[in-house]
Amino acid sequence: MWLGDGDGSAAHVSGARAAWACDVGAGGTAGGGVGAVGVECLEHPPATALVRASDTLALGVMRALHERGLRPGVDVAITGYDDSPTAALVSPGLTTLRQPIDEVGRHLIQAVDHLMAGDPRDLQHVLLEPELIVRGSSLP
């Protein structure tokens, strides 16, 4: 089995790692393609949990689960990223990671202020912690 990120790079996964890894790529849009993204993980052997790079992709996987008669949060746990408004409106609600956008904006403005003042040495690399928002798409 190959695990890739959609940009052409990939690593071969075998043995025990193959049980938790599958090649889902990075493609997919809100149109017809998003339901297929992650479907490979629902086949043989079926995954018990999937984490997608965005709520949009996670919602597509939830749709694909419904089409297969599987229940998000019961048969397969689904987690997205971004805490989009839709994540709280679907049933079951989508578990997601919320980015601290306000804090990102503050750090960005500080960095631009420092650059405009001609003082780039004050620029810092900052790692901001997302918040896990648990909803019904996660297994109990």
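## Arg 98 and Glu 131

Let's start with a pair of residues that face each other: Arg 98 stands opposite Glu 131 in strand E6. This is a predicted model, where local features need pLDDT of at least 70 and side-chain atom pairs count only at pLDDT 80 or more, while totals for chains, interfaces and linings use all residues. Residues are numbered from 1 along each chain as its sequence is written, and side-chain values use heavy atoms, with hydrogens and water left out.

Arg 98 also forms a salt bridge with Glu 131, with 3.3 Å between the closest N and O atoms (a salt bridge is a side-chain nitrogen of Lys or Arg within 4 Å of a carboxyl oxygen of Asp or Glu). This pair links distant parts of the chain, since Arg 98 sits in strand E5, Glu 131 sits in strand E6, and 33 residues separate them. Arg 98 counts as partly exposed at 32% relative accessibility, and Glu 131 is partly exposed too, with a relative accessible area of 43%. Salt bridges that share partners tie Asp 83, Arg 98, Glu 131 and Arg 135 into one network. For those accessibility words, buried means under 20% relative accessible area, exposed means over 50%, and partly exposed is in between (1.4 Å probe, protein chains only).

## Strands side by side

Which way do E5 and its neighbours run, parallel or antiparallel? Strand E4 (residues 77-81) and strand E5 (residues 95-98) run parallel and are joined by 3 bridges. E5 and strand E6 (residues 131-133) run antiparallel, again with 3 bridges. Two strands pair if DSSP finds at least two bridges between them. The helices (H or I, at least four residues) and strands (E, at least two) are DSSP runs, numbered from the N terminus.

Now zoom in on two threonines. Thr 95 lies in strand E5, and Thr 79 has its place in strand E4. Their C-alpha atoms are separated by 4.9 Å, although the two residues are 16 residues apart along the chain. Thr 95 is buried, with a relative accessible area of 1%, and Thr 79 is buried with 15%. Not counting residues up to four places away in sequence, Thr 95 touches a list of residues including Thr 79, Leu 132 and Ser 138, where contact means heavy atoms within 4.5 Å. Leaving out sequence neighbours up to four places away again, the contacts of Thr 79 include Leu 50, Ala 58 and Ser 138.

## The nonpolar core

What makes up the largest nonpolar core? It has 10 residues: Ala 47, Leu 50, Ala 58, Val 61, Met 62, Leu 65, Val 76, Ile 78, Ala 87 and Leu 94. Helix H1 (residues 55-67) gives the most to this core, with 4 residues. A nonpolar core here is a set of buried Ala, Val, Leu, Ile, Met, Phe, Trp, Tyr and Cys residues joined through side-chain atoms within 4.5 Å. In soluble globular proteins, nonpolar side chains tend to be buried together.

In one of them, the side chains of Arg 63 and Glu 67 meet, at 3.4 Å from N to O. Both residues lie in helix H1, 4 residues apart, about one turn of the helix. Arg 63 counts as partly exposed at 36% relative accessibility, whereas Glu 67 counts as exposed at 55%.

Asp 75 and Arg 71 also meet through their side chains in a salt bridge, at 3.1 Å from N to O. Asp 75 is partly exposed, with a relative accessible area of 29%, and Arg 71 is partly exposed with 47%.

Most residues other than glycine have a negative phi, and most peptide bonds are trans. Have a look at the loop between E4 and H2, where Asp 82 has its place. Asp 82 has a positive phi, near 125 degrees, and is partly exposed, with a relative accessible area of 36%. Asp 83 is in the loop between E4 and H2 as well. The phi of Asp 83 is positive too, near 50 degrees, but Asp 83 counts as buried at 15% relative accessibility.

Further along, a cis peptide bond joins Ser 91 and Pro 92, with omega about -5 degrees. Pro 92 lies in the loop between helix H2 (85-89) and E5.
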